[in-house]
Amino acid sequence: MLVGELINKVTNKEITIRELAKLYHVTDQTIQRKIKKLGYSWDKKKEVYKYVGKSPQPVNIDFSTLFRKKQTVTNDLRKNKSKNKVIPRNSSSDVIDVLLIGTKASSKRVYQGFYFDKDILSIINSVPKSYKSELINEALRKVFKEKGLL
């Protein structure tokens with residue numbers, strides 16, 4: 001979507017910042033920050049974005065190009081079909097390395113709470129929230145396979 005089109009849709013209430021955040025897989029704040037960096041300012045009274053940057057106005061820029069492209073998983077890790085991402089794997093990386101980079105494969109899960117040591121928890125918390133369960137499952141799966149339990 002072009003920036004000009006996006007600004008018009010937000011102004012006309014055809015799309016919300018939250019919907020854009022979901023569309024681009026980022027937070028609301030990230031969308032707002034990107035719009036601000038393009039030179040737009042939110043007018044609270046009129047509920048519109050006004051261009052306050054230097055000319056020319058960046059209306060013909062593809063908004064999706066403002067986001068870092070995520071890589072996707074190949075080889076023995078499942079592909080997330082909705083995003084079609086591919087992360088190149090080298091011989092020294094494994095599933096856990098890939099998950100620490102930030103890939104997500106969805107599946108049915110059951111919630112279970114556990115206590116973690118601080119050093120382990122700091123590693124888990126370094127991963128985006130939506131990837132934590134996948135990281136923990138893959139780490140435990142790896143260990144259990146090595147022990148012959150799976």
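This is a predicted model: local features need pLDDT of at least 70, side-chain atom pairs count only at pLDDT 80 or more; totals for chains, interfaces and linings use all residues.
Student: Why is H25 called partly exposed?

Tutor: The relative accessible area of H25 is 48%. Buried requires under 20% and exposed requires over 50%. The value for H25 falls in between, so H25 is partly exposed.

Student: What is the phi of E47, and where does E47 lie?

Tutor: E47 has a positive phi of about 55 degrees and is not a glycine either. E47 is found in the loop between strand 1 and strand 2.

Student: How do you know whether E47 is buried, exposed or partly exposed?

Tutor: The relative accessibility of E47 is 37%. With limits of under 20% for buried and over 50% for exposed, E47 therefore counts as partly exposed.

Student: How do you know that the buried residues of helix 2 are on the same side?

Tutor: The buried residues of helix 2 are I17, L20, A21 and Y24. They cover an arc of only 105 degrees around the axis, so they lie on the same side of helix 2. The face turned away from this buried side carries the exposed residues R18 and K22.

Student: What covers the buried residues of helix 2?

Tutor: The cover includes helix 1, helix 3 and strand 2.

Student: Which residues touch the most other members of the largest nonpolar core?

Tutor: They are L20, I31, I35 and F63, in a core of 16 residues. Helix 1 (3–11), helix 2 and helix 3 each supply at least two residues of this core.

Student: What makes F63 buried?

Tutor: The relative accessible area of F63 is 0%. Buried means under 20%, so F63 is buried.

Student: How many aromatic pairs does a search of the whole structure find?

Tutor: The search finds 3 aromatic pairs. In one of them, the rings of Y24 and F63 have their centres 5.4 Å apart, and their planes meet at 65 degrees.

Student: Why is the pair of Y24 and F63 called edge-to-face?

Tutor: Two cut-offs decide the matter: centres within 6.5 Å make a pair, and planes over 60 degrees apart make that pair edge-to-face. At 5.4 Å and 65 degrees, Y24 and F63 meet both, so the pair is edge-to-face.

Student: What kind of aromatic pair do Y40 and Y51 form?

Tutor: Y40 and Y51 form an edge-to-face pair, with 5.1 Å centre to centre and 65 degrees between the planes. Y40 is in strand 1 (residues 40–43) and Y51 in strand 2, 11 residues apart.

Student: Why is Y40 called buried, and why is Y51 called partly exposed?

Tutor: Y40 has 3% relative accessibility, under the 20% limit, so Y40 counts as buried. Y51 has 24%, between the limits of 20% and 50%, so Y51 counts as partly exposed.

Student: What makes the peptide bond from S55 to P56 cis?

Tutor: The omega of this bond is near 0 degrees. P56 lies in the loop between strand 2 and helix 4.

Student: How do you know that E138 makes a polar contact with R141?

Tutor: Their side chains are 3.0 Å apart in this contact, and the limit for the N or O atoms is 3.5 Å. E138 belongs to helix 6 (residues 132–146). Its relative accessible area is 11%, under 20%, so E138 is buried.

Definitions and conventions: Residues are numbered from 1 along each chain as its sequence is written. Side-chain values use heavy atoms; hydrogens and water are left out. Rings of Phe, Tyr and Trp (its six-membered ring) pair if their centres lie within 6.5 Å; planes under 30 degrees apart count as stacked, over 60 as edge-to-face and the rest as tilted. Buried means under 20% relative accessible area, exposed over 50%, partly exposed in between (1.4 Å probe, protein chains only). Helices (H or I, at least four residues) and strands (E, at least two) are DSSP runs, numbered from the N terminus. A polar contact is a pair of N or O atoms within 3.5 Å; within protein, one must be able to donate a hydrogen and the other to accept it, and residues adjacent in sequence count only if both atoms are side-chain atoms. A nonpolar core is a set of buried Ala, Val, Leu, Ile, Met, Phe, Trp, Tyr and Cys residues joined through side-chain atoms within 4.5 Å. The arc is that of the directions from the helix axis to the C-beta atoms. Contact means heavy atoms within 4.5 Å.
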